[in-house]
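Let's take a walk through this model together, helix by helix and then out into the loops.

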Amino acid sequence: MKELCIIRHAKSSWEDPALSDRERPLASKGIKDIPLVARELSAQGLIPDLVYSSPAVRAYTTAMGICSALGYPKTEIEKQECLYFGAMEEIIQCIRNTPERCKRLFLFGHNPTFSELSALLCPGFHEDMPTCAVAAIQFRDSWKEVQADSGKLLTFIYPGKLR
C-alpha cells in the first residue's frame, strides 16, 4: 500500500503588495495552524517517508513547519517546480516517479490544483481544500500505477475541523 498526503499551504499573507506570488509568506493565522495540523497527522500515524513541496515561500514554509513537528528533516524536503501550479499530468508524473521504497509521500502546494488533484485521484471526494488542509489517500500497489479514481480517502484534516 502507498499513501499520499496532499497538503495545501497554510493561510498566506497579502500585506505586502510588492511581493510576487511566489514570495508571499504565511499569515500569523497560518503559522498558528501548522502545529494543530501536525499534531493530528502525528496522532493518526501519518509521518512522511518523502516530502515534495512547491518552491513558493508559503508552501515551503508550511512544509518546513509540519515536517519539523513530525521529525522529518527539513533539509530533505525536495522542491518540485510542478507543484507550483503545474499541469495536472506533470503532478501525476511526479507522483509516479516516486521511489517505490517510499510508503508515504507528502505533497505541499496550492489550490485550486490540490482540490482538483484530490478529486481526480479519489472517487467521491469533492471537497474544496481550505488552507492547511490534508487529504490522505491510499493506493493499492505501485506509485507508477497512480491514476484517476485509483485512490481511497483515508482522512481529510483541516484546521477548522480540529478547533
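Start with a pair of helices: α1 and α2 cross in a right-handed sense, where right-handed means that the near helix is turned clockwise from the far one by less than a right angle, and left-handed that it is turned anticlockwise. Helix α1 covers residues 28–43 and α2 residues 57–70, and their axes come within 9 Å and cross at roughly 45°. That angle makes α1 oblique to α2, because angles under 35 degrees count as roughly parallel, over 145 as roughly antiparallel, 65 to 115 as roughly perpendicular and the rest as oblique. The axes here are lines fitted to C-alpha atoms, for helices over the stretch in contact, with angles running from 0 to 180 degrees between N-to-C directions. The helices (H or I, at least four residues) and strands (E, at least two) are DSSP runs, numbered from the N terminus.

Before going further, a word on what you are looking at: this is a predicted model, in which local features need pLDDT of at least 70 and side-chain atom pairs count only at pLDDT 80 or more, while totals for chains, interfaces and linings use all residues. Residues are numbered from 1 along each chain as its sequence is written, and side-chain values use heavy atoms, with hydrogens and water left out.

Which residues make the contact between α1 and α2? From α1 come Ile-34, Val-37, Ala-38, Leu-41 and Ser-42, and from α2 come Thr-61, Thr-62, Gly-65, Ile-66, Ala-69 and Leu-70, contact being heavy atoms within 4.5 Å. By class, the contact of α1 with α2 has 7 nonpolar, 4 polar and no charged residues. In this scheme Ala, Val, Leu, Ile, Met, Phe, Trp, Tyr, Cys and Pro count as nonpolar, Asp, Glu, Lys and Arg as charged, and the others, Gly among them, as polar.

Stay on α1 for a moment to find Lys-32. With a relative accessibility of 63%, Lys-32 counts as exposed; the cut-offs are under 20% relative accessible area for buried, over 50% for exposed and in between for partly exposed (1.4 Å probe, protein chains only). Lys-32 and Ser-150 lie 118 residues apart in sequence and 34 Å apart in space, C-alpha to C-alpha.

Now move to α3 and α4, whose axes come within 11 Å and cross at roughly 65°. This crossing, too, is right-handed. Met-88, Ile-91, Ile-92 and Ile-95 of α3 meet Thr-113, Glu-116, Leu-117, Leu-120 and Leu-121 of α4. Sorted by class, the contact of α3 with α4 has 7 nonpolar, 1 polar and 1 charged residues.

Each of these helices also has partners elsewhere. The buried residues of α3 are Ile-91, Ile-92, Cys-94, Ile-95 and Arg-96, and they pack against β1, β2 (50–53), β4 and α4. In α4 (residues 113–121), the buried residues include Phe-114, Ser-115 and Ser-118. The buried residues of α4 pack against β1 (2–8), α3 (88–96), β4 (104–109) and β5 (134–139).

A cis peptide bond joins Asn-111 and Pro-112, with omega about 10°.

How many disulfides does the model have? The count comes to 0, a disulfide being a pair of cysteine sulfur atoms within 2.5 Å. Cys-82 is in no disulfide, and the nearest cysteine sulfur, that of Cys-94, is 4.0 Å away. Cys-82 is buried, at 12% relative accessible area. Cys-122 is buried at 2%, and its sulfur is 12 Å from the closest cysteine sulfur, in Cys-5, too far for a bond.

The loop between α4 and β5 holds Cys-132, which is buried at 0%. Phi of Cys-132 is near 65°, a positive value in a residue other than glycine. Gly-124 is in the loop between α4 and β5 as well, but counts as exposed at 65%.

Finish in strand β6, with Phe-156. Phe-156 is buried at 10%, and among the residues that it touches are Phe-125, Met-129, Pro-130 and Ala-133.

Terms used: Lists of a residue's contacts leave out its neighbours within four places in sequence.
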